[in-house]
Amino acid sequence: MNKPLISVQNLHTSFFTDSGEVCAVNGVSFDLDHGEILGIVGESGSGKSVTAYSIMQILASTGKIVDGSIYYKGEDITKWKEKQMRDFRGKCCSIIFQDPMTSLNPVFTIGNQLTEAIKLHTDKKGKEAKARAAELLELVGINEPERRLKQYPYELSGGMRQRVMIAMALACEPDILIADEPTTALDVTIQAQILELIQKLQKELGMAVILVTHDLGVIASMCDNIIVMYGGRICERGTAHEIFYNPKHEYTKGLLRSIPNVTRMKEKLIPILGTPINMLNLPKGCSFCARCDNAMKICLTEKPEEISINENHKASCWINVRDAMINEGGNADE
Amino acid sequence: MSDILLEVNDLKQYFPIRTGFFQKTPLKAVDGVSFTIGKGETLGLVGESGCGKTTVGRSILRLYEPTAGQVIFDGEEVTKNNINSMRKKMQMVFQDPYSSLDPRMTVEDIIGEPLDVHKLYSNKKERREKILELMNYVGLNSEHATRYAHEFSGGQRQRIGIARALAVDPQFIVCDEPVSALDVSIQAQVINMFEELQEKLGVAYLFIAHDLLVVHHISKRIAVMYLGKIVELADSDELNNNPLHPYTQSLLSAVPIPDPDIARSRQRIVLEGDVPSPLKMPTGCPFRTRCQYATEQCAQECPTLTDRGGGHMSACFNK
Ligand SMILES: Nc1ncnc2c1ncn2[C@@H]1O[C@H](COP(=O)(O)OP(=O)(O)OP(=O)(O)O)[C@@H](O)[C@H]1O
Ligand SMILES: Nc1ncnc2c1ncn2[C@@H]1O[C@H](COP(=O)(O)OP(=O)(O)OP(=O)(O)O)[C@@H](O)[C@H]1O
Ligand code: SF4
Ligand SMILES: [Mg+2]
Ligand SMILES: [Mg+2]
């Protein structure tokens with residue numbers, strides 16, 4: 001492939017709060033290609049949402065990108081003015097959130113909000129915009145679109161509201177759809193409908209999707225590539241196959257061990273002990289060190305380098321560096 | 001027979017909902033539910049949001065006065081009159097560890113409350129010892145006794161809630177989504193603790209959760225609810241390997257499996273539409289509006305839960 005659609009490089013995002021600087025994202029880099037579904041998993045508070053919001057530049061007022069660049073088709077959008085960013089958010093990149101109720105306005109009808117979005121982001125007007133609204137509702141699998149357009153958000157079920165949000169996000173025909181925990185608030189059977197819908201739209205419209213979730217099951221069925229985050233950093237990345245069957249970072253290994261496994265139901269779960277890290281006071285070395293059973297001396301003091309496990313897989317854990325050295329650059333590092 | 005700890009017979013819980021100026025319609029949150037739980041056993045309860053799981057738990061503990069039906073605990077019917085003494089044997093752990101504990105109370109006060117209510121100690125020293133023992137049981141550090149609930153993480157708060165439930169030495173605990181609000185890495189700690197407590201103390205659980213993998217892991221048997229009714233009940237491995245009811249089949253096929261090969265190779269049965277409102281319950285089988293096997297009979301009559309062999313119960317005419 002040629003240039004990636006999005007290239008995030010060494011992103012640092014912080015919140016400046018009364019109790020100090022919260023370093024939510026600390027040097028995150030990744031590429032997103034056209035038509036790719038990229039999954040971001042990780043512990044609560046590990047910086048998944050902040051990474052996504054940094055791309056859109058929709059951070060809380062205390063939040064700021066303090067370092068790094070985000071390239072969209074080769075242009076650094078962190079240097080763009082707010083007006084350009086508005087266009088970017090309107091035409092190139094859309095986001096859907098966990099709770100659709102917070103992003104829909106309760107006092108306007110679905111039709112009203114949807115046509116407004118269409119008028120704002122495309123050159124369709126009046127009747128044309130309205131027809132497009134109905135078409136979009138149909139696209140996301142809502143029956144009787146004409147009737148639904150006249151309804152208010154509270155009259156719809158949670159699954160239907162999430163569909164409306166997706167319709168809204170598609171109004172501008174974006175290249176990139178960011179979905180931040182899009183199904184966490186929904187039941188499994190409704191979740192399956194929404195995931196199926198995202199997959200279908202991604203194929204039909206050729207969008208790239210960034211799927212943020214803490215649910216490894218959702219990631220396993222949806223994503224080509226996966227990023228695992230811990231403490232504001234990427235601790236491991238690779239294809240779904242590599243991450244699930246050949247995890248190399250101690251956090252990823254622990255995470256996979258701690259969930260019930262279909263094939264080993266009656267075995268005891270092995271939890272990750274300890275508590276999540278304090279983002280106000282980041283450790284000097286590896287952020288997972290305090291909870292890691294196999295931590296070494298160096299893990300306390302030095303941040304692990306990211307090394308290639310193979311061409312589809314990278315991890316930032318000193319154990320891999322050590323193993324690579326033991327193998328004298330054999331199979332681990334080429 | 002003597003192994004049965006809890007017996008629920010045709011439990012109904014209707015809530016009167018105002019639907020017009022002069023009109024009230026009963027919302028049938030639980031509509032004729034029956035099951036048993038053995039001593040030291042875990043029964044899992046799953047189903048979509050609003051299907052009545054929490055209401056079942058609350059009605060058993062008489063946090064609601066049931067509309068109809070019977071709850072028999074250890075051979076004795078639970079009634080309005082004996083519920084206070086029954087609460088020494090039956091407890092509940094709530095879903096949300098953030099809102100179910102008063103943040104301004106210390107851990108000691110929270111765990112001590114049921115001890116005070118049921119006067120389970122003779123002096124201050126004994127009270128304190130009991131509290132420390134309970135904290136130890138659930139893996140909380142004794143130094144934490146004087147700290148406030150808001151100073152703890154979600155997993156720790158859930159432990160506090162469990163210690164409180166254990167304070168009266170119950171034989172049965174309703175666990176209402178006890179791990180749903182916790183981070184994946186913390187969930188396993190709490191699930192293990194439930195299992196260890198059961199091994200040590202022989203407590204029985206009604207374990208409500210929407211994560212079917214977790215329920216499968218912890219339960220001996222599983223009941224599946226849909227719109228206020230149990231549609232299938234079976235041994236957990238049997239239910240997972242051989243689901244009979246069309247709803248259970250689609251539910252299981254929709255569970256996201258954290259294994260890419262399995263996740264991508266299996267066939268999802270994606271249900272059309274949403275769960276109907278419990279105020280506008282369909283006639284006949286509650287699932288028929290979304291069921292691919294529905295026939296004329298399903299619209300006329302409601303299938304009852306019947307044994308399909310080996311205690312595998314299902315409520316469907318066609319499957
Ligand atoms: N507005 C804010 N002010 C201060 N800190 C914030 C703010 N928003 C996020 N943070 C902090 O930034 C860190 C990363 O948060 P983020 O929301 O990205 O986590 P996440 O990985 O999305 O977690 P979750 O799975 O819980 O959604 C957290 O420690 C969080 O407390
Ligand atoms: N006190 C109440 N008054 C009126 N209706 C109620 C009351 N409690 C519950 N309901 C209704 O009864 C039905 C069953 O609710 P319940 O909370 O038992 O569902 P649930 O299966 O626990 O759902 P969830 O998975 O969302 O927790 C719902 O339609 C709910 O709105
Ligand atoms: S009884 Fe009929 S509608 Fe109900 S689940 Fe069975 S086939 Fe479907
Ligand atoms: Mg988030
Ligand atoms: Mg509930």
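A polar side-chain atom of Thr54(B) lies 2.7 Å from an oxygen atom of ligand 2, a polar contact being a pair of N or O atoms within 3.5 Å. What we are looking at is a predicted model, in which local features need pLDDT of at least 70 and side-chain atom pairs count only at pLDDT 80 or more, while totals for chains, interfaces and linings use all residues. Residues are numbered from 1 along each chain as its sequence is written, chains are lettered from A and ligands numbered from 1 in the order in which they are written, and side-chain values use heavy atoms, with hydrogens and water left out.

To continue with the ligand, an N or O atom in the side chain of Thr55(B) is 2.5 Å from an oxygen of ligand 2, and a polar backbone atom of Gly52(B) is 2.9 Å from a ligand oxygen. Taken alone, ligand 2 exposes 630 Å², of which the protein buries 67%; these accessible areas come from the Shrake-Rupley method with a 1.4 Å probe.

The ligand is surrounded by 15 residues, counted when one of their heavy atoms lies within 4 Å, and the largest share, three residues, comes from helix 1 of chain B, helices being DSSP runs of H or I of at least four residues.

Turning to the helix pair, helix 8 (residues 188-205) of chain A packs with helix 9 (residues 246-254) of chain B at an angle of about 55°, their axes 8 Å apart. Helix 8 of chain A is therefore oblique to helix 9 of chain B, since angles under 35 degrees count as roughly parallel, over 145 as roughly antiparallel, 65 to 115 as roughly perpendicular and the rest as oblique.

Terms used:
Polar contact = N/O pair within 3.5 Å; in protein donor to acceptor, adjacent residues only side chain to side chain. Helix = DSSP H or I, 4+ residues; strand = E, 2+ residues; numbered from the N terminus. Axes fitted to C-alpha atoms, helices over the stretch in contact; angles between N-to-C directions.
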